[in-house]
Each structure stands twice: as structure tokens, then as C-alpha cells.
Amino acid sequence: MPSDNIYQEQKIPTQWERSRQDFRSNSLAMFGLWCLSLTLILTLSAHWLAPYLPHLQVGELLMPPSWDQSGHVEFFFGTDDLGRDILSRLLIGSQLTFGYALLVAFASSVIGIIIGVLAGMTRGLKSSILNHILDTVLSIPSLLLAIIVVAYMGPGENNILLAIWLALIPRFIRAIYTAVHNEVEKDYIIAARLDGANNFYLLYHSILPNILTTITTEITRAISIAILDIAALGFLGLGAQAPSSEWGAMLGDSVELIYIAPWTVTLPGLAIMFSVLIVNLVGEGLRQALNAGID
């Protein structure tokens, strides 16, 4: 018995060590992690790093970026059609797009994981009813569901956050429910139940460690969806309202200037694409590392 306990105590850290080593050996994942860390730092310190207030006119109209011959180093990314500094607006806008997306994704993941786990551990009529309800809700795209909620509640930053939160929760519930339900049906869980293990023991020691890949995948997917949905609603004028510096709103306000001032459209678009890309790189790296640790 003592030897078995020692073996089990050494097995758990070995699994995490293998996952960490696999993640660190993935160059794309490490690149995404460093970029994600930098983006988080910029988001948290945006108010101190922004050289100007995002809604004030501080320069000439449509001044090109500093690397252009007509640009000025004082306005590194140039100015928009109202003379506002684009760098300052992008930094502050990161809190409204990237920062809010993180908050919404993690808030929906907490609710979704709790309900999904509880539903996956149950059987019978309750499980069947929840399954059919989720099928119905998930047949509606998350952006369309968010638009319906915003159309009912009205535009605004708080309303779009609530709308996206409500749209993401069913996806978490369905993914976690399916993963837990499939895990519960496996032979080792049935054997553990026959041996006297209760649901809490099975959940903590057996089920959750084996569905970490699903949880990681769903969280990163939710962050990406939240970023795109917040930006899309802002672009459509249903989200953040002028003079907000949210990236999607910036893109929508400047789309008519794409031929005369392309930087006003390109820079917010690149910010959205870059943030989604680094989140997916980190998520894919974590998924592969966790699978390697389990194997």
C-alpha cells in the first residue's frame, strides 16, 4: 500500500510536468503566450500609456502614421477624421474589446461549467430535457442571439456584454455536459462507483482531469467569439456608441475613409485579428500540451 501511494503521488506532477514541457517546446504557443501577456499588460495599463485622451481632438485631421512622409512622430499611428490620436484610441479600446471579452468569457465559463457538470452527472428525464433545450438554443448563431438581445434591451456597452454572456453560456453547458456525460459512461467510472466512490470524488479525481482539454478549448473559443461579437456589434452600431474607442466601433466609423485614410480602418482591424490569433495560438498549444500529458 505505501508503494502504491508513492507511485500515485509521483504520477500527478509527472503529468503536469509533461504538459508544461510540451507547451514550452511549442514555439507558436510560446509566441502566442508572450504576445497575450503583452496585450494584457497594455490593456491593464492603457490609461497610463495612452498619450492623449481618446475622445479629444489633439492634431490635424487624417494625419498619416509616423512612418509616412507626411506623418509626425508625436502621433505614431496618425489621427482620424476628427483629429483624435489613433494610438490612444486603440489602447483604450483594448479594454472595451479585449478586456471585456476576457471578462465575459470567464464569467460565462464559470456558469456553464457548473451547470454542465451537474447536468452531465445526472441521467434520465432531466438530462434529456436539457439536451433538447440546448439543441434548440445552439441552432441560433451566437452573434444573432446577441443581436436579438441587444435589439430588445437597446444598444450600449453593458447590454452587449450581457447579450454575449447569455449567448456563450449554452455553448459551455453543451460542451461540458457532453464531455462529462461521455466520461461517466466509461468503465473505470462504473467500477469506481461499484467500489463505493461518491460523485464528488469521481468528479474531482477522475472526471475533471480528463476533461481539461475540453474546458481549455471552450474557454479559448469563447474568448475569440466574444472579441468578434463585441467588435461586430460595435461595427453595426448596436454596441459601443460614439465617441467610444471600441475597436469594432472605430472600424465602423472609419469604413468610409478606407480609400483616403486606410490606416483608420486597417489598424483597428489588425488589432481585432491579432488578439483573436494569439488567443487561438495559446489555446491550441494548451490543448496539445494537455493531451500529451494525459497520453
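This is a predicted model: local features need pLDDT of at least 70, side-chain atom pairs count only at pLDDT 80 or more; totals for chains, interfaces and linings use all residues.
## Aromatic pairs

The model holds four aromatic pairs. One of them joins Tyr52 and Phe75, whose ring centres are 5.5 Å apart with 25 degrees between the planes, and this pair is stacked. Tyr52 and Phe75 are 23 residues apart, and each is in the loop between helix H3 (46-49) and helix H4 (86-120). Both Tyr52 and Phe75 are buried.

Another pair is formed by Trp67 and Phe77. Their ring centres are 6.0 Å apart and their planes stand at 75 degrees, so this pair is edge-to-face. Trp67 and Phe77 also lie in the loop between H3 and H4, ten residues apart, and the pair links distant parts of the chain. Trp67 is exposed, with a relative accessible area of 55%, whereas Phe77 is buried, at 18%. Trp67 and Phe77 belong to one aromatic cluster together with Phe76.

Ser108 is part of helix H4. Its relative accessible area is 0%, so Ser108 counts as buried. Leaving aside residues up to four places away in sequence, Ser108 is in contact with Trp165, Leu168, Ile169 and Phe172.

## The largest cavity

Three cavities of 30 Å³ or more are found in the model.

By class, the lining of the largest cavity has five charged residues, two polar and one nonpolar.

## The second largest cavity

The second largest cavity holds about 50 Å³ of space.

H10 provides the largest share, four residues. The lining of the second largest cavity divides into four nonpolar and three charged residues, with no polar ones.

Methods. Residues are numbered from 1 along each chain as its sequence is written. Side-chain values use heavy atoms; hydrogens and water are left out. Rings of Phe, Tyr and Trp (its six-membered ring) pair if their centres lie within 6.5 Å; planes under 30 degrees apart count as stacked, over 60 as edge-to-face and the rest as tilted. Helices (H or I, at least four residues) and strands (E, at least two) are DSSP runs, numbered from the N terminus. Buried means under 20% relative accessible area, exposed over 50%, partly exposed in between (1.4 Å probe, protein chains only). Contact means heavy atoms within 4.5 Å. On a 1 Å grid over the protein atoms alone, a cavity is a set of points where a 1.4 Å probe fits but cannot get out, and a pocket is an open set with protein on both sides within 12 Å along at least five of seven lines; lining residues have an atom within 4 Å of a point. Grid points are joined across faces, edges and corners, and a volume is the space filled by probe spheres set on the points. Ala, Val, Leu, Ile, Met, Phe, Trp, Tyr, Cys and Pro count as nonpolar, Asp, Glu, Lys and Arg as charged, and the others, Gly among them, as polar.
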